[in-house]
Amino acid sequence: MAYTVVGKSVSRADAVAKVTGKAKYTDDFSERGMLVGKILHSPYAHALVKSIDVSKAKALPGVEAVITHQDIPKIRYATAIPGVIEAIATDEVGVAELKYATAGHPFSLDPSHRDKEDRYILTQRARFIGDNIAAVVATDALTASKALKLIEVEYEELEALTTTEAALKEGAPLIHDDCERNILSSAGYVIGDIEQALKESDHLIEGEYETSIVQHCHLENQISLAYVDSDRRIVIMTSTQIPHIVRRIVAQALGISWGRVRVIKPYVGGGFGNKQDVTVEPLNAVMSLAVGGRPVKLELSREEAMIDTRTRHAFKFKIKTGVNSDGKINGIQIEAVSNTGAYASHGHSIASSGGGKFRYLYQTKALKYEPLTVFTNLPVAGAMRGYGTPQIFFAFESHIEDISRKLKLDPIELRKINLVETGHVDPLNQTVIRSCGIRECIDKGKELIKWDAKKALYKEQKGVKRRGLGMACFSYASGTYPVALELGGARIVMNQDGSVQLQLGATEIGQGSDTVFAQMVAEVLGIPMHMVHVISTQDTDISPFDTGSYASRQTYVSGMAVEKAALEVKRKVLAVAHSMTDIPAHLLDLKQQHIVMKESGERVMELEVAAMQSYYDRVHAQPITSDVTNNARINAIPYGVTFAEVEVDIKTGKIKILEIFNVHDSGKIVNPQLAEGQVHGGVGMAIGYAISEQLLFDEKTGQPLNNNLLDYKLPTIMDIPEIGAAFVEKEDPTGPFGVKALGEPPIISPAPAIRNAVLDATGVAFNRIPMNPQRVFEKFKEAGLTLN
Amino acid sequence: MFKRIAFTVNGKAYDFEVDVRESLLEVLRNHLGLTGAKQGCGVGECGACSVLIDGVPHDTCIFLAVWADGKDIRTIEGVAGINGELSQVQQAFVEEGAIQCGFCTPGLVLTTTALKESGKDYTREELKRELSGHLCRCTGYQNIAKAAEKSLEGHICTCEDSPHYKGAII
Amino acid sequence: MYDIKAYYEAESVEEAARLLAEKPNLKLIAGGTDVLIKMHGGQLEEAELLSLRKIKSLENIHVRDDGTVAIGAMATFSVIFHNAMLKKLIPVLTEAAVSMGGPQIRNIATIGGNVCNGATSADSASSLFALNARLKLQDEKGERVVPIREFYLGPGKVALNPGEILTEILIAPEDYLGFGGQYIKFAMREAMDIATLGVAAVCKVENGNFAEVRIGLGVAGPTPLRCLEAEEYARGKKITAETLKEIGKLAVRSTKARTSWRASKEYREHLVEELTQRALKTAVVNAGGAEVV
């Protein structure tokens, strides 16, 4: 279908605000008399707090409050409105500390489907280095920091479990008393008869693969500003992907009615899943409550943010695949152990989500997935771009490459033999693949990187620097359905001049969602982009309900609501035009700020005329608005592929990426330039994941070793090659304008593609990422490649 | 302890006492209300707080406010024209899609502005090196590099024997 | 806000030396890229700072009449990199300068601060070691000159006596004239990184032989160091791939690398062997010798 605005690379709605420094982020707001909060973190990975003496800290001039776990019940009690029944006990002595879950999932009415409540605002049992023990509110940051040093805590150290092996060992201490063997969850699945499928295969191929802990490193650290307003409501401005969920979780953490919390989300300096979780907000609320509701800002330093927010789960996989000599895969058995760190957060759903999205790529008779999500005394792992899929696809796309080498089959052909086709129905959740461009993605990628020519060129290399090619595929999903609720909300108000305000519950965090929503509205209403005013700030008191930015859901799920809201406005505009002209509304359309005849395009009147009529008609005046919630009980599966070319320095172990192309089937691309931006960013992040990034810990103590941007090797502009982005636009019939997800997908397949390219160049298979120079050196030494 | 300093910011002269403990970033953001410079790390590793001091990019989180005495400072707020018209560099960042979350953008625009105003020629590699003090997690740097090249149109040198850097980092 | 208790600034070296003599607690601050970061990390509290930033004479870079190159301690890495004279005379130093940190850091970090910080990873250090740099130290009573190899005492420890200020870095003509050099920084990233290994090699070539070779290494031990055994071996040898190989092997003998989470001892030693050869290979060409193949 031919569109006017959809499919065009229009500039971002917020580009001018951001390029002039006018875009306001949380730290750019302040209140008069604002205080500063700071957190005392545990220096031990596993310890009990025996006693805390805050007297010296309290005595420091400028300190307004010092809070420990003992103060939380009192603060909560004081928060209750007399006579209003809330989750707070009525008697101060009986007030207990409340446990709450932090994961940014939609609430579930089914208690068995809720997240694990395992977190206290301040704890008396530290479960990782960085756990929150106490907090200070002071007039300035320096005083607060000094006060932290004056808090005297006596700890009883417990055995620290820093690896999943140690945590799973018989007799290991329990990190959470209610989780046996330190296992958070083990929800997997079986399709078909796996034993039989493996048995009847010509070849049984096994492999072990491992990924490491990495961190989001959004440029803006977690930060919030909390105060109590005149209605005794707690107002929190915060850098979050999920304002409506933050509201619920803060209320739950405090045991107050949800309506007593108001969350405001201004511009956000990146999230990547780390802000799909509640981290600083409940404590920030408590800080304000501790000083009589005065405004308190709580900002994490980079060093804090890298360990006391969330990380990406490290996984270990054991894969067994039964395959016939012709390349047909009969059965795949995947065992996975996921390190979720000290608290549940998203942990239970990440292993299962990765395994779920993996099912949409290859078709086999049998598939068994057995994940174990295990607690350790390391920082909490949570949601991060790709949500379990970068891990499982690194493992399997490496494994299938190994299979192709063992069976001497072309790696691309081997994949093609086993790929799903349009019309495939997932045997477990019945998701229908209604559009599938993976084959076209592969063909395009192969052509872009000049696969055949280079493959021929790079045979039999002997030098110090060797080149190779690799590729990898992935499948993903557009939102979380059928696992979770998928509500999108949009509201449109038409102004007198025919321009509109678009209000969303969906959050712009840099990915460009505000712009693509505005494009959708502009398309439906036949108005230019500058006439769509997107309200970028979400305020839970005002914005429509929508669970926020995660799971690559917004363009698809929230887009449905936006399209519907725009269509409703269009219907109302045409109704007004009909009332003014007697032309039946179904013969009319909106084009170029005019009401036109649908067939001939003949202009009937200016849009502004109808808009004015809607405001000021003495009898029928009713300004045109729409307010739509859409429950998307459907999904669309995006696909894609990475092709990479590397040059490996055999002597130093340095891997250089010469060329890299990501080709995506994300359905209709609403804004090619923004879509390419998503691909560039995802690939850039994936390059770090593949060759340089890893959050390191002392294995004995759990002490973080590199929680800063110098020692954590996030790529710089010098480290990223030119990234090629291309699209195969298989429009999905379920998506608004045919869209499918794109936000997370670009990060999934680069790491295995790079790994396979290194294998091609050197003959050495790296089954563990990152492939940093030290590790590459070690493996090359084993292989006898480094000899001088 | 306070110290009186005189300096100009975006052409406007200031003369007041600053706390010697404060960074220039704190003075710009908290006292002058110029919040375009952002704090991303506090130790000069990310570049989000960069501004031009006497035309040269500096990380203001590790620049004591007292050091601004006598300096001419330019922040992102001083880049566009008085009527809001975007500079050529800003326009290039908008057109090339070099902006995502926007947190690193002010620093990058300023550094690119300094490069442009230097009038010097740069190879693509050198240009990247000059921008390498700015971390960005959203864009993979692709469109940032493009926007910088567009900003320096006519000053991108394709000569192999670069007049500048020849060292080796491997 | 930084935890600064007192802040002084001197306008001349004499004034700084006098203040330092009066108040022994004063901590010198130049570009601040080490001192302020230590304060951010809590390793330095309630600091009493003496800033050298207003002493313009310390930013001077010039060649003395006798050919000695004198670099003021307050010269920033950017100034050093962009100094046309240094680029012509001692490019191995300007290359090292531009490998350091990122542009904004180079715009303020000073070579004197880099040296006085005493880090083995200091990007200027391996080149200054290879160049036999000497350091001019001044206190209230006078000045003295020490070879850089005697200045580094241990990790973060330098031979700066109480009251002393590093004012100039001196490189004698016999140490750079006629030499070709190459600096290689091996790091995980191409910018904004700390070296896994820094190798600076300078050499003089005569009739296809090494007349002299000097190799400075950073992060190959607790302090920057020289590879004297390898240098001695190289003297007078014909420049061949075999000679380079032997030099690489011998260079490892001078190292005192250790295993840390950044890299293992074995890997660092392997890099010393490999990168010394690579650096020297380029240095030979820069010294006017024929390319070794």
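Helices (H or I, at least four residues) and strands (E, at least two) are taken as DSSP runs and numbered from the N terminus. Helix axes are lines fitted to C-alpha atoms over the stretch in contact, and angles run from 0 to 180 degrees between N-to-C directions. The model is predicted; local features need pLDDT of at least 70 and side-chain atom pairs count only at pLDDT 80 or more, whereas totals for chains, interfaces and linings use all residues. Residues are numbered from 1 along each chain as its sequence is written, and chains are lettered from A and ligands numbered from 1 in the order in which they are written.

In chain B, helix α2 (residues 88–95) packs against helix α5 (residues 142–151) at an angle of about 145°, the axes lying 8 Å apart. The contact (C-beta atoms, placed from the backbone, within 7 Å) brings B:Q88, B:V89, B:A92 and B:F93 of α2(B) to B:A147, B:K150 and B:S151 of α5(B). By class, these residues comprise 4 nonpolar, 2 polar and 1 charged; Ala, Val, Leu, Ile, Met, Phe, Trp, Tyr, Cys and Pro count as nonpolar, Asp, Glu, Lys and Arg as charged, and the others, Gly among them, as polar.

Strand β1 (residues 2–9) of chain B pairs (at least two DSSP bridges) with strand β2 (residues 12–19) of chain B through 8 bridges in the antiparallel sense. B:K3 is placed opposite B:V18 of β2(B). The hairpin of these strands has 2 residues between them, and B:N10 takes a positive phi near 50°. With strand β5 (residues 72–74) of chain B, β1(B) forms 2 bridges in a parallel arrangement, in which B:V9 stands opposite B:I73.

In chain A, 12 of the 13 residues of strand β15 (residues 329–341) are buried, that is, 20 or more other C-beta atoms lie within 10 Å of their own, with C-beta atoms placed from the backbone. Antiparallel pairing over 10 bridges links β15(A) to strand β14 (residues 314–323) of chain A, with A:E335 of β15(A) as the bridge partner of A:K318. Between β14(A) and β15(A) the hairpin has 5 residues, and A:G327 takes a positive phi near 100°. Strand β16 (residues 366–375) of chain A runs parallel to β15(A) and is joined to β15(A) by 10 bridges; A:L372 in β16(A) is the bridge partner of A:V337.

Between chains, 30 residues of chain B are in contact with 28 residues of chain C. The largest share of the chain B side, 4 residues, comes from β4(B).

Definitions and conventions:
Two residues are in contact if their C-beta atoms, placed from the backbone, lie within 7 Å.
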